[in-house]
Amino acid sequence: MSTDNHGVSTPVHDPSRYFEQIDRSRSTEAGKPPVCLYLEVTNRCNLLCETCPRTFETLEPPADMSWELFTRIVDQLPGLQRAVLHGVGEPMLVRELPRMVRYLKDRGVYVLFNTNGTLLNPRKFRELVDTGLDELRVSLDAADAKTYALVRGKDFFDRIVRDVRKFTQYQQAIGATTPRVSLWLTGLKETVQQLPDFVRLAADMGVGEVHLQRLVFDDTGVGLARAESSLFERMQAEEQAVIGEATELGRTLGITLDASGATEPGLSLKQVDDEQPWSLCRRPWSLMYFTAHGRALPCCIAPFSARDYGTYTLGDATQQDIREMWNGPAYRDFRAQLLSDDPPKPCQGCGLRWSL
């Protein structure tokens, strides 16, 4: 959903529309407040995913975002249109999560979060629907239990498939159209061949959307988050054929197959045809990402593409107002770098389609 200044809600499902509001003739100062928030409601998780940095190191001390910090941030943005309630942790571990969703929905905000699905049990079905949540994205990352354990580090595959199927059946039984449920697969060399089976699995689970998520990695090369596992700019003809097969299968089964950044899968895995793709990024002019401790980062990619949070910290919501941060020295300097020939290192390889 999007909202006007009076809080009137209108459907918006294409994230790029949030960024279209930002003037392409950008300067180091943002002309409008952010319209989108990424709120890391927790950095705790119950899995040990081979593609996640928190499996291998502590980015910040374990914490859930407090209710006081959550409301302090949200209340400063009356024109907020979209809120994403996840970061490097599992949102459904947070006791206050339903309350947070309701708080945002009462303000006409479009709300979504990614979950690993391990805590989606029938006791929570009614509450999840009643919050008004717009999207529930389930990161499953495999089409069978063996591959799931390889990528996710624990054996929850059958339970997740069972409970997501039960949830979509529950929605159908009560006539609930939200939250929209989707399945997500990280595009790895090790898993891309499973994409057609992943589409079949989605159909069997009653899920109408499948998304191919681009792998984000840095130079440390830990776990599966390393260059040799990535399809980005390394996709071969065989892998492209698999994506084509899965896309056609999706059409047959009534499943929408998309990719990160509201684009088609093949395109999302290619670099933007521009000499300076980072200069096209609109995120630091349109959204803010806050960690569970209130640290402001430039976007949702920062926790996955950089290990030194200090380098990319643009403010602290526990000490500063958003207005003070948004056009403060740190944000202005970061924007200046994005508009230059020498952007921050993780930004150099960003093709603008990292995530929705």
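**Exercise 1. Find which ring face Arg 335 lies over, and at what distance from the ring centre.**

Step 1. A charge sits over a ring if NZ of Lys or CZ of Arg is within 6 Å of the ring centre and within 35 degrees of the ring normal.
Step 2. Arg 335 lies over the face of Trp 326, at 4.6 Å from the ring centre.

The model is predicted: local features need pLDDT of at least 70, side-chain atom pairs count only at pLDDT 80 or more, and totals for chains, interfaces and linings use all residues. Residues are numbered from 1 along each chain as its sequence is written, and side-chain values use heavy atoms, with hydrogens and water left out.

**Exercise 2. State how many aromatic pairs the structure holds, and classify the pair Phe 125 and Tyr 170.**

Step 1. Rings of Phe, Tyr and Trp (its six-membered ring) pair if their centres lie within 6.5 Å; planes under 30 degrees apart count as stacked, over 60 as edge-to-face and the rest as tilted.
Step 2. The structure holds eight aromatic pairs.
Step 3. The ring centres of Phe 125 and Tyr 170 are 5.7 Å apart and the planes stand at 45°, so this pair is tilted.
Step 4. Phe 125 belongs to helix H4 (residues 125–130) and Tyr 170 to helix H6 (residues 157–174), so the pair links distant parts of the chain, 45 residues apart; helices here (H or I, at least four residues) are DSSP runs, numbered from the N terminus.
Step 5. For burial, under 20% relative accessible area is buried, over 50% exposed, and in between partly exposed (1.4 Å probe, protein chains only). Phe 125, at 4%, is buried, whereas Tyr 170, at 21%, is partly exposed.
Step 6. Tyr 148 and Phe 157 also form a tilted pair, because their centres are 5.9 Å apart and their planes are at 55°. Both Tyr 148 and Phe 157 are buried.

**Exercise 3. Identify the residues of the largest nonpolar core that touch the most other members.**

Step 1. A nonpolar core is a set of buried Ala, Val, Leu, Ile, Met, Phe, Trp, Tyr and Cys residues joined through side-chain atoms within 4.5 Å.
Step 2. The largest core has 79 residues, and Phe 70, Leu 85 and Phe 290 touch the most other members. Helix H7 (residues 195–205) gives the most to this core, with six residues.
Step 3. Contact means heavy atoms within 4.5 Å. Leaving out residues up to four places away in sequence, Phe 70 touches Leu 39, Met 65, Leu 85, Met 100, Tyr 103 and Leu 104.
Step 4. Ring pairs also link Phe 70 with Trp 67 and Tyr 103 in a cluster.

**Exercise 4. Locate Asp 204 and Arg 165, which meet in a salt bridge, and give their accessibility.**

Step 1. A salt bridge is a side-chain nitrogen of Lys or Arg within 4 Å of a carboxyl oxygen of Asp or Glu. The whole structure has 15 salt bridges.
Step 2. Asp 204 and Arg 165 meet at 2.4 Å, N to O.
Step 3. Asp 204 lies in helix H7 and Arg 165 in helix H6, so the bridge ties together parts 39 residues apart in sequence.
Step 4. Asp 204 is partly exposed at 48% relative accessibility, and Arg 165 is partly exposed at 24%.
Step 5. Elsewhere, salt bridges that share partners join Glu 135, Arg 137, Arg 180 and Glu 209 into one network. Within it, the closest N and O atoms of Arg 137 and Glu 135 are 2.9 Å apart. Arg 137 is buried at 3%, and Glu 135 is buried at 5%.

Terms used:
Helix = DSSP H or I, 4+ residues; strand = E, 2+ residues; numbered from the N terminus.
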